[in-house]
Amino acid sequence: MRPLTDRLPKPMIEFNGRPFMSYLVEQLGEQGFDRVLMLLGYLPDAIRDYFGDGSSHGVSIDYSVSQPDDLTSKRMQLAADRLQDSFMLLYCDNYVPFDMEEHWEAYQSIGLPAMTTVYANEDGYSRDNVSVSPDGRLLTFDRSRSAPDLHGVEIGYAILTRDMMNRLPADGNELVEQALYPGLASEGQLGARVTRHRYYSVGSLHRLPLTEQFFARTPTLILDRDGVLNERPPQADYVRSPEDFRWLPGAKEALAELSRAGYRVIVVSNQAGIGRGVMSEEDLERVHARMREEAAAAGGRIDAIFYCPHDWEDGCDCRKPRPGMLFQAQRELQLDLSRTPFIGDDERDGEAARAAGSPYLSVDDSTTLHDHVRSLVRGVSEGVTIQ
């Protein structure tokens, strides 16, 4: 990370005017943590001077400072008497949205002494270094990334017990994951919670632009199409031409209001008519071109459209209620899905939102898209954060 780290520790590199680590501390506070122990080595004063006792960030922060060349296993041993019986271990250079209540339930459910978080890495974002069993156990941890059949990337957000400190080499100076995880995996004692939400890091220069985009937190709304923007056609029928597309009352006005408020708008839509052969992708493109033109003429904007072209029974990952389209949008636009509401009109939309970790808002006979948009825009203007 040089030259950025010549005078600054890596987690203090700024994104949108804030150090990377401040986003981690903010996240912990939002998830109910009230105490943070920072294990420091290189240029510790830069971190202590910024965070102080943590009160300005809504948490209590303690520090354990050792030599710059000390690795995490040694730093954790030095601070062992300050650890709780169970604790969460975060790396200072990785960030991924998570829900602590769900995280803790997963840990208790798997019934193992340790559980870490694994990025599914379906997009080849990084080199795989783990394999995970169908029942959620981490089978292999290979820091060299050379073992066969690896799939997924270990990213921290681990829940450990203080008893794990007894497994660390007394005179060793290793990364804690290298010291603990291969042995635990071989014994079947390490759980893995897999996330499909891309993680963001300050660990390599080439990823910094993506991390900057992610932490910009541009207000974004994800919309279903039929029944939210336009009249839903009868079951097993489809909007096959621009002439079949009929806006719902207030939908164009809602898009215009979102545009004025600086929101990005993303549409995700099941389009099984393509897979069933009753319409083509070219037909759909014409529909969407007209939809975008008329939205723009009304002062609105649709920034991206994702659709599933598969038939009902194809078993694809993109057809709602599966969340594939939401994760595709997340990766392509660097979204934080935990802060990106999804508005739909069908239980399948709600299931997809829950699977992706997005807040869900429903359109029905009594609540329109425009009703939700007014509330959201008012909340942003008043500084309310969507959770």
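**Exercises on a predicted model**

At 6% relative accessibility, Q334 counts as buried (buried is under 20% relative accessible area, exposed over 50%, partly exposed in between, with a 1.4 Å probe and protein chains only). The model is predicted, so local features need pLDDT of at least 70 and side-chain atom pairs pLDDT 80 or more, while totals for chains, interfaces and linings use all residues. Residues are numbered from 1 along each chain as its sequence is written, and side-chain values use heavy atoms, without hydrogens or water.

**Exercise 1. Describe the surroundings of Q334, beginning with the helix before this residue.**

Step 1. Start with α10, where 8 of the 10 residues are buried. These are G324, M325, L326, F327, A329, Q330, R331 and L333. Helices (H or I, at least four residues) and strands (E, at least two) are DSSP runs, numbered from the N terminus.

Step 2. Move on to Q334, which follows α10 and has a positive phi, near 55°. Q334 sits in the loop between α10 (324–333) and β16 (342–344).

Step 3. Look for polar contacts (N or O pairs within 3.5 Å; within protein, one atom must be able to donate a hydrogen and the other to accept it, and residues adjacent in sequence count only if both atoms are side-chain atoms). The side chains of Q334 and Y200 are joined by one of 2.6 Å. The Q334 side chain also reaches the backbone oxygen of R331, at 3.0 Å.

Step 4. List the contacts (heavy atoms within 4.5 Å). Leaving out residues up to four places away in sequence, Q334 touches R198, Y200, L210, Q213, F214 and A329.

**Exercise 2. Which residues of helix α4 are buried, and which are exposed on the other side?**

Step 1. In α4 (residues 100–110), the buried residues are M100, H103 and Y107. They lie on the same side of α4 because they cover an arc of only 60° around the axis, taken from the directions from the helix axis to the C-beta atoms.

Step 2. Recall the helix geometry: with 3.6 residues a turn, residues three or four places apart in an α-helix point the same way.

Step 3. Turn to the other side of α4, where E101 and S109 are exposed.

Step 4. Find the cover: β5 (86–89), β7 (114–119), β10 (153–161) and β11 (190–195) are among what covers the buried residues of α4.

Step 5. Check both ends. At the start of α4, a side-chain oxygen of D99 comes to within 3.0 Å of the backbone nitrogen of E101. After α4 comes G111, with a positive phi near 70°.

**Exercise 3. Which residues have the most contacts inside the largest nonpolar core?**

Step 1. The largest core has 25 residues, and L223, L229, L255 and L369 have the most contacts inside it. At least two residues of this core come from each of β13 (220–223), α7 (251–260), β14 (264–270), α9 (281–297) and α12 (369–381).

Step 2. Take L223 as an example. Residues up to four places away in sequence aside, L223 touches V228, L229, L255, V265, I266, V267, V268, F342, I343 and L369.

Notes: A nonpolar core is a set of buried Ala, Val, Leu, Ile, Met, Phe, Trp, Tyr and Cys residues joined through side-chain atoms within 4.5 Å.
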